[in-house]
Each structure stands twice: as structure tokens, then as C-alpha cells.
Amino acid sequence: MRAVIAATEAAVTDSPDRALALFRTTGTGGAGVVSDIRAGRHDLRVDEPPALGGQGAAPNPVEYALAALLSCQVVTYRFWAAKLGIPLDDVSATIEGDLDVRGFFGFDDAVRPGFGEVRVVVDLQGPATRERYEELRAAVDEHCPVLDLFSRPTPVTTRLAD
């Protein structure tokens, strides 16, 4: 991990334009509320539970959002543990979010359609002190890209294809 950090730092220090990365997904709707998504070289299926009109054959969009946050937390903990020299044997997390479906269905415009609250509990295993792991948590909270998406407004534009 330290070699990746050093190589990336050298590459972007010399040419800051190398620091910009574009990520893209494409998708099509299937039967009912199923979506088939292409993310890089990976195919994903998205569905809703029966209570929301789906078959429950795959995670729904908000479960994928929580999974994205969880996996980004794990990666960011490992990355920053290496960068800060904090020994870390294992990291696991549980993430849950409260969503009031009245916002999605338009039953109450005062209710937001997204999560009202998201809670992240991270379990770190290793020989470091609690204080060092709190230092690590603070670094992760400051630098986790998906946590940033959840916690800070991100400009998003939408348009219909030509």
C-alpha cells in the first residue's frame, strides 16, 4: 500500500492533471423495476423488494449506496492506516440508513426521498491504541470519497438524451 501511495504522489505532484479520474456507469431498465448496470468491466443488477414493485432478485439502489459507503470505508481505512503507519489487522463495518418511503412515492413533499440518517459502525482489529484508531477514524472521515458524497452537497446535473 505504501508503494501505491508513493507512486501516486509522485505522479500527481509532477502533473496535477493526472489526479483527475472519470468514473462512468451505464444502464438500461429491464422488466418491472430491474436495472442492468455496467460499471467499468462489471455488470450489476438492481431490483427492488416486492413491497416496492420488484422481485427482490438483487439489491436495490439504496442498498447499493450503503454498500458503496461500506466498501469505501474499508478501503479508506486500509489506505490511511498504511499512510499514517497505524497497524491494522482487520476492518469491518455495519452501515444502516433510515428511509421514509413517503418522500419517494410523493405522499408527503415535506419528507425527503433519500436517507434521513445514516449510521456507520466500524470495527478495527489490531494492536494500536484506541487513540491511534480515533486518529485513523478522523483521517478516514475527512478523506473517504463516498462518505463525502453522503455528507456534503455534490453538484449533479440531469438532462434528457438528445
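**Entry 1. Nonpolar patch.** Helices here are DSSP runs of H or I with at least four residues, strands are runs of E with at least two, and both are numbered from the N terminus. The patch is formed by V62, L99, V101, F104, F105 and F107, which together have about 560 Å² of accessible area. For patches I took residues with over 30% relative accessible area and no salt bridge, joining nonpolar side chains (Val, Leu, Ile, Met, Phe, Trp, Tyr) within 5 Å and like charges within 9 Å. Areas come from the Shrake-Rupley method with a 1.4 Å probe, and for residues only the protein chains shown count as cover. I looked up F105, which is found in helix α3. F105 counts as partly exposed because its relative accessibility is 39%; buried means under 20%, exposed over 50%, and partly exposed in between (1.4 Å probe, protein chains only).

**Entry 2. Basis.** I noted that this is a predicted model, in which local features need pLDDT of at least 70 and side-chain atom pairs count only at pLDDT 80 or more, while totals for chains, interfaces and linings use all residues. Residues are numbered from 1 along each chain as its sequence is written, and side-chain values use heavy atoms, with hydrogens and water left out.

**Entry 3. Overall layout.** I listed 5 helices and 5 strands, in the order α-β-β-β-α-β-α-β-α-α from the N terminus on. The C-alpha trace spans about 50 × 40 × 30 Å along its principal axes. Of the 162 residues, 22% are buried.

**Entry 4. Core.** I found 20 residues in the largest nonpolar core, and those with the most contacts inside it are Y77, L88, L124, Y133, L136 and V140. α2 gives the most to this core, with 6 residues. Such a core is a set of buried Ala, Val, Leu, Ile, Met, Phe, Trp, Tyr and Cys residues joined through side-chain atoms within 4.5 Å. I then followed V140, which touches Q73, T76, Y77 and W80, not counting residues up to four places away in sequence; contact means heavy atoms within 4.5 Å.

Entry 5. I placed Q73 in helix α2. Q73 counts as buried because its relative accessibility is 3%. Beyond four places in sequence, Q73 touches V120, V122, V140, C144 and L147. T76 lies in helix α2 (residues 61-84) and, at 7% relative accessibility, counts as buried too. Leaving aside neighbours within four places in sequence, T76 is in contact with V140, H143, C144 and P145. A polar atom of the T76 side chain lies 2.7 Å from the backbone oxygen of C72.

**Entry 6. Salt bridges.** I counted 15 salt bridges, each a side-chain nitrogen of Lys or Arg within 4 Å of a carboxyl oxygen of Asp or Glu. E134 and R130 meet in one (3.5 Å, N to O); both lie in helix α4, 4 residues apart, about one turn of the helix. R130 counts as exposed because its relative accessibility is 60%. R152 and E142 meet in another (3.8 Å, N to O). That pair links distant parts of the chain, with R152 in the segment after α5 and E142 in helix α4, 10 residues apart. R152 also forms a salt bridge with D148, the closest N and O atoms being 2.7 Å apart.

Notes
A polar contact is a pair of N or O atoms within 3.5 Å; within protein, one must be able to donate a hydrogen and the other to accept it, and residues adjacent in sequence count only if both atoms are side-chain atoms.
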